Amino acid sequence: MTLPSGHTARMGQDAQKSCGLSLSRAMQSKSQAKMEVLLLHVIILLLNMFDFSSGIIYNKGDMEQHFACASQGLPKKNEIIKLYLTSGDLDIQCFFQSESKLTSKEFLNVFTSGGLAPSLGIINSTYTGIFHFNLTLFSDRVYWLIHIPRENITKNTDIAAVEEWLVRITLHHGLNIYTTEGTLLDSVREPILQWNLGTKMTRNIVSKLYPHVIDLKVTKCPCANDVALLGFLLNSTLDGVYIGLSFSGFWNYDDTTWYNLTDMIYSRVGEDHTELSMVDMVLTNHFLVILTSLGLFISRDLRYPSSPVLMFSRADFCGFERVDYVKGKLWYNERCFANRELFEVDYVTITFERNRTLSEASSCFFSNEPFLEWLPCLPRISHGMKAGLSTVITFLVDQNHSCGVYLLSLQVGLTIAVSIHTLRNNKPRLKRKYPSFTFPSSFSSPVGMMFHPRSHFLYVYGNQVWLSMDGGHIFELLADFHDDIIKNTYHSFYTSDVTFVSQSGKVYLTKAGLERYTEIGSITDKIFTLYYDHMGVIHKLTPERFEAGRSLAAFGNAKGIFGQAPDMGFETALALQYITLDEMIFYAYVPENEPEKSRYTKQFNNIHLGKVIHSGKTGTAYIRKILKHNTPKGFLSSVIAEMTDPFGVEDVSESSCLSSSLSINQDGNFYNLTLQMQSVTSSFQESDVEKTVVIPGYSSFLITRIVDAKNALAIATMPGRVPNGMTFVKDSWFLYNFGQRNGRTWTIYERPCNYWFQQHDDSLSLNVLKYIDLGKSYSLKVKVIPNTKGVRTLEIPLLKVIVGNPTLMEFEAEGSFDDAGSYLMEISIASKTLQQGSTSLAFIVWGASLDCFVTTFVPRVKSSCSYLKSIHHIPSQYIPLEDWISGVHKDSQGFNMIKTLPINYRPPSNMGIAIPLTDNFYHADPSKPIPRNLFHKSKKSGKFKQCANKSTREECNCTNDQKFSHAVAFSDCREKVPRFKFPVTQYPISLEIHSEDGHMPVETPYLVTVMEVNRRENWELTHTVPENVKKLKDYLESILHAPVYNPSGLNLSIRGSELFHFRVSVVPGVTFCNLVEEFQIYVDEVPLPFPGHPLIAIAFAIMLGGLIFLTFMLQIRNIHPWDKCRKLVRRSKVKLSNVSVSQLANR
């Protein structure tokens, strides 16, 4: 049947419409499905990442970079966050990065629609600030944006040693979602960045130095570890001092600025010298110290740029020449002195590798900042005392105890010792603080000594490594490398890493305070150095390239450089002895013919403590303890281990002897294992040598030799438990293979991280500094959460707490397990004496794996005044900032409470308003005339401060903060002051102390003194003195020779006029702080001063009396002035009338 053409056409149109609708619906459905998948993906991620804990938890896994952020340019994916604070405001762009196929823009849209935007935490040891990114996204932006004014982070712009901030970005503040960490560097204040070190070099010029480089030296800023210097040590074919400066932690080679300091050095020593090369260098908080082949050079103070190029001075050491300098070494105990205290001092030591002669004072010298005077390390010996024959290997200063620590080589007995001497006036005394610690003779090749930064852990290294947890009084052996020698050490304060590099190129790692270590790899580069940046990421630096862990999985550990950690097993067989079902002993076999010198290579040692033994088949065991012994024969060491995964046994296909019964008979020092044949195929084979026979309930046997097919010789692990003469049927005895005859069948590796670490205080940083004032206390809580899958948790404290200087303050510790098996530790710290100082604490998770990011938490406490603590006067009436700017703030009666001071104003003196005698100008302007300057005494007084030697007010550079400051130091800038009507009576002086702990009113036991800075009078104070304070008040007044007041209920009355400037000071003895506050009051609308009112009254009385007397006299004389006046008026009117008439007549 044929349809009409019109009908056919309509069907085609309908089909097209139907197809279009279907396609549109399909596209909508696909888009909706994609959105639902995206939303579901984000929800699942959020649910997986949510952590509603009250503090940051570390060690939960490898640190990942969920956010990419930058403050300069666009952020780059998979790079560590490095932000920089300049003189302007901070603008940060961030986008979310994920391994999924979803784009950053799609993530941003979903997060934003759900009301989620990142928050930025800026953190250092004493400060935490939280800032929030904009929730609104504009146009097609694919990143979040935040704008932070510089003054919201810091108001300081002076050059000083300041901490580099840690930045922590989370998707939502208070919840640990997608946490990403980075750093923020204040490039305006960092001292070394403000200088031009020498002649800048291009990379092409630097590359020409590579063939001449024989070694590298790296040093970093103590407070900002991303700011670091790299120096080239050159061979004799090239002269010069060449240094590279990095502000980003050597992440990119191109970010390093290279300088040539050769001309500057030669300008100090003369052109006739040659063969100049760097030997060592140290960057302290405020100085750069460079040791060259031609001498020791110390920079100018880095805080005070005074020339376009950094200049150096040379330190002279009498009798030392180039051959001595090239073998010299600098030693420095890295300490950050941000907000430096008076008791904090930087020291640098230089040692020379030669014995001193009779004409030389020492081969070791030290100096403290500013490093102008270099003194012998050994204290001067009094006349008549005999000098000990000793050589100083190195000398360091323990900041916790204010002691000098010597590493000495004693010629008597050829021993190595550590000696500790107290310091007086920054110099070591002759008397020891403790008896010297003498190392055993096995420590024969000492190299040096180092303190872990910001802590009290002291390491002595050479062919062995020794650890002291009390500053050098007692040491424990950490590692013994026998013929290998540790040549260099590197450390990170943030991760507590301590890395040792041996002369063979092997690299070992420990954590501060842990009594274990591990091998993390080896380096084959001939010329290299290692370096930890501010985030604790280790870098390998070579002359032509820098390497670091760039992958997400490698962030924060050594995998990026060394790859997978090496096997720490050794070439021998192990014999397995079960103690319980889950606990066992592994014995290391040492053959009888093994030379004495190499026997240590076939023994367990400290490196294996806490590691995991892996079988070539299946099975793992965690090593809990290492044992050294001489019996049983053939086994000189063993480990007690806990099985975490069952070990695989040999089967008949691998050892046919298992199909027979086994009888055991002693044969001298050996045991004869005989097969009772039950199968013709059952026999001992050569491959069974070094396998272990395990018989439940009895000693195990390590097969050492196959006698024939039926007999084998073995040694017993427990001779007292040998079943001598007994036979064991098939399937009642087992074989385990932990041998190495045909290739070692077992390995030892570091254990995966087994503990989570959580802080419970408000601090978000691992680098915590707390100030404790007199009479104050502080509590610190941490929690250790076991993550020991397959391993039982022992019911003993999981934390060890060590105090660097326990005599400085009172410390109390309380630990307990919760129901979940976590261990909570709380430390209470209280100030107890007037002694100021600092000390470090160490919370050590002693059982933690070295694979954990955090094993040691080292907060620091100072018995001192916090730089954040200050006293403030609270005005009786609040005036908003905008009113201060406008200069108008009226009370309910229309009285303006702000007074704009006249230019170059000086308050009156006791001699009168027109005779000011104070040196303080207010609202200063050097270009304008000075009022009230007629009298000689007034002309002699008055001195500009901020405006000194300036010609205009603009040149005074007064900031807004200075213009509104009450401090007399900024009186030149002060323009407006609070205004009050006369008289001021019972004005309440309300004072508050502001600190990191909040605000508190100033009350007893605080007492104060009050003075008027311009020496004005006509004011008085009233207060109440409780009986328990009266005696203290009287005592203090006799010492201070000034009135002492109780700050509670302190009231001020003023009877004078114009400006009064008061200073309130807290009496010392109840705080380490110098708490001083100033405030100003301008008294206006004052009545005439005395004798104005009396004079006016007397003049008025005289005038009134005279008028009455005149009236009385006129009445007596019968004189009527009023009548005469009226007659005179009338007469005048008559004359006027006559004149008018005469004029009319004439017309």
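Which residues does Thr154 touch, not counting residues up to four places away in sequence? In this predicted model, Thr154 touches Leu85, Trp165, Asp186 and Arg189 when those sequence neighbours are left aside. The chain has 1147 residues, of which 51% count as buried, and its secondary structure comes to 13 helices and 71 strands. Among contacts between residues at least 6 apart in sequence, 62% join residues at least 24 apart, and the chain exposes about 54300 Å², with carbon and sulfur atoms supplying 54% of that area.

**Surroundings of Thr154**
- Thr154 is placed in the loop between helix H3 (150-153) and strand S8 (165-170), and with a relative accessible area of 10% Thr154 is buried.
- A polar atom of the Thr154 side chain lies 3.2 Å from the backbone nitrogen of Asn156.

**Nonpolar cores**
- The largest nonpolar core has 61 residues, and those with the most contacts inside it are Phe439, Phe457, Tyr459, Val460, Val465, Phe586 and Phe604.
- Strand S29 (residues 458-461) supplies the largest share of this core, namely four residues.
- Another core, which lies apart from that one, has 38 residues, among them Trp251, Phe493, Leu798 and Leu841.
- Leaving out residues up to four places away in sequence, Phe457 touches a set of residues including Met450, Leu467, Met469, Ile802, Ala842 and Ile844.

**Salt bridges**
- The count of salt bridges comes to 44, and one network of them links Asp525, Lys540, Glu544, Arg545 and Glu547.
- The side chains of Lys611 and Glu750 meet in a salt bridge at 3.7 Å, N to O; because Lys611 lies in the loop between strands S40 (583-589) and S41 (612-615) and Glu750 in the loop between strands S51 (746-749) and S52 (755-759), the pair ties together parts that are 139 residues apart in sequence.
- Lys611 is buried, with a relative accessible area of 0%, and Glu750 is also buried, with a value of 17%.
- Lys783 forms a salt bridge with Asp818, their closest N and O atoms being 3.8 Å apart; Lys783 counts as buried at 18% relative accessibility, whereas Asp818 counts as partly exposed at 31%.

**A nonpolar surface patch**
- Leu1032, Tyr1035, Ile1039 and Leu1040 make a nonpolar surface patch of about 370 Å².
- Ile1039 is found in helix H11 (residues 1027-1040) and is partly exposed, with a relative accessible area of 46%.

Terms used:
Residues are numbered from 1 along each chain as its sequence is written. This is a predicted model: local features need pLDDT of at least 70, side-chain atom pairs count only at pLDDT 80 or more; totals for chains, interfaces and linings use all residues. Side-chain values use heavy atoms; hydrogens and water are left out. Helices (H or I, at least four residues) and strands (E, at least two) are DSSP runs, numbered from the N terminus. Buried means under 20% relative accessible area, exposed over 50%, partly exposed in between (1.4 Å probe, protein chains only). A polar contact is a pair of N or O atoms within 3.5 Å; within protein, one must be able to donate a hydrogen and the other to accept it, and residues adjacent in sequence count only if both atoms are side-chain atoms. Contact means heavy atoms within 4.5 Å. Patches are made of residues with over 30% relative accessible area and no salt bridge: like charges are joined within 9 Å, nonpolar side chains (Val, Leu, Ile, Met, Phe, Trp, Tyr) within 5 Å. Accessible areas come from the Shrake-Rupley method with a 1.4 Å probe; for residues, only the protein chains shown count as cover. A salt bridge is a side-chain nitrogen of Lys or Arg within 4 Å of a carboxyl oxygen of Asp or Glu. A nonpolar core is a set of buried Ala, Val, Leu, Ile, Met, Phe, Trp, Tyr and Cys residues joined through side-chain atoms within 4.5 Å.
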